[in-house]
Amino acid sequence: MDSPVPSRMDALLPAFLNGLKKYLIGIVSSLLAVVLAMSSFFTTELGYTYVVQDTLFGSIRVFSEPGIHFKVPFFSNVYTYNQAMTLNFGNQESGEKIKSTRQLTEVEVQFADTYTARIPATFRFRLSADPEKIVAMHREFRSYDNLIDSLLIKNAKNVTVVTATQYTGEEFFQGGLNKFKVQLEDQLQNGLYETERQQVEVEQTDLAAVSSDNEDGDKLERKVQLVWKNIILQDGSGQAKRIANPLDSYGIQVRQVTIGRPLPEKRLDDLLVKKKDLVAKRITAIQAQETARAEAKTAQLEKEIEKARAIQDAQRSKELAIISKQKEVEMERQQAELERVRKEKEKAVAVLEKQKQLEISVAERDIQKANAEAATYAAKAIREQGLAEAEVAKAHLLAKQAARDIYMAEIQRDIAEVMYPALKNVTIDMPDYYVQGQDTGAPVSSLDVFTSLGAMEQIRHTNRAAATP
């Protein structure tokens, strides 16, 4: 008799397998969704430029700022470019290895006089912020490493080598390094100079030939040589002509160029060492000559100083004596001048006093003259006034004479107006007789008689009243 358990397990196995299949499908779907979601977005960091190439739609996008961006899963490629990069040609003084720094060997150059050297240099570049130039750069080089290897390294080496051909070895190592650096950076940023190969005369120092005077061949001799050099061509305005700069097409900028200690070849190094020793010896000899010449000149100057000092002392004594005499003469002259000024002052004061007296006399004369003229005018006025009054009196007299009767009548009227009131209470005694003067022939009126008598009586009456206490 068979057990019922296996038959139950046979019935549950398909259901279990079906559930397991669904579970696995769910896990795979979840993982696929997670992978798909992660493939749909990417992040950008500071200091990098990202070029997103979409093969499904054929579009290219550029991102230069940090953030999260969308991309088409499985059909988008993201290319990363450092915004700033450094090419280090053997210049490893700092010892640091930075992600954006490419370590390279020194640049080997050949100068115009065929000497060679190795120049350690560091070049720092920066990409453009223009998306169109970034896209053009990406179309050309397709990756950051290709950009470094195919453009930046080759261009930096080429410009360094070409710039070195504009110098001789001695010229470069004896003070031309700074100018070389400036020209190198200028040509790297703005384009190479157009040059023309010409022969120029250059004064150089070289090892002298071995001879009886130069057994070891360690002597130096200076000579003028014709050397082929690349001469910079200039345009009509005096500016250097240039070749097109390959970095301009992509907007890449040169931010910094530094030059390390150049390493000359052995022949050039030996020449420079010999020249340095010769120059040192020559400087020592020149200094010794200058010292001897200075000492001789110092001794001569000391003698001249002593002579000049004696001359100065004698001259000073002479000048002091002259000055003393000049002081005496000057004092006498000043005394005479003071005396002359005093006399002139007294004379001027006397003249002023005379002028003052003269002015006073003239003023008094003018006053007297004015008074006389005033008196004359006053006398004339009085005379004229008297004549006028006489004329008036004469006119009155003539008028009275012309109307004598009328005038006398008016006088008698005036007397009567005074006398009649006074005779109102007066008794007049008529005289017993009246004798008229024999000399007058005119008759006398009774009014005249009464008036005269009444006046006399009134006078006597007034006198008695005055005498009575």
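## A buried glutamine

At 1% relative accessibility, Gln 187 counts as buried, because buried means under 20% relative accessible area, exposed over 50% and partly exposed in between (1.4 Å probe, protein chains only). Gln 187 lies in helix 4, residues 169-190. Helices (H or I, at least four residues) and strands (E, at least two) are DSSP runs, numbered from the N terminus.

What does Gln 187 touch, not counting residues up to four places away in sequence? Its contacts are Val 159, Thr 163, Gln 166, Leu 192, Tyr 193 and Arg 242. Contact means heavy atoms within 4.5 Å.

## About the model

This is a predicted model: local features need pLDDT of at least 70, side-chain atom pairs count only at pLDDT 80 or more, and totals for chains, interfaces and linings use all residues. Residues are numbered from 1 along each chain as its sequence is written, and side-chain values use heavy atoms, with hydrogens and water left out.

An open sheet has three strands in the order 3-2-5, with antiparallel pairing. Its edge strands are strand 3 (59-63) and strand 5 (76-82), and each pairs on one side only. From one strand to the next, the twist averages 20°. Two strands pair if DSSP finds at least two bridges between them.

Strand 2 (residues 48-54) runs antiparallel to strand 5, and seven bridges join the two. Here Tyr 50 stands opposite Thr 80 in strand 5. Helix 2 (residues 131-141) lies across strand 2, strand 3 and strand 5, at about 120° to strand 3. Axes are lines fitted to C-alpha atoms, for helices over the stretch in contact, and angles run from 0 to 180 degrees between N-to-C directions.

Strand 9 (residues 116-119) has Ala 117 and Ile 119 on a covered face. Thr 116 and Arg 118 are on the uncovered one.

Strand 8 (residues 107-110) is antiparallel to strand 9, with four bridges between them. Val 107 stands opposite Ile 119. Five residues lie between the strands of this hairpin, and Thr 114 takes a positive phi near 75°. Strand 9 also pairs with strand 14 (residues 263-264), antiparallel, over two bridges. There, Ala 117 faces Pro 264.

## A partly exposed leucine

Leu 17 is in helix 1, residues 5-39. Is Leu 17 buried or partly exposed? At 47% relative accessibility, Leu 17 counts as partly exposed.
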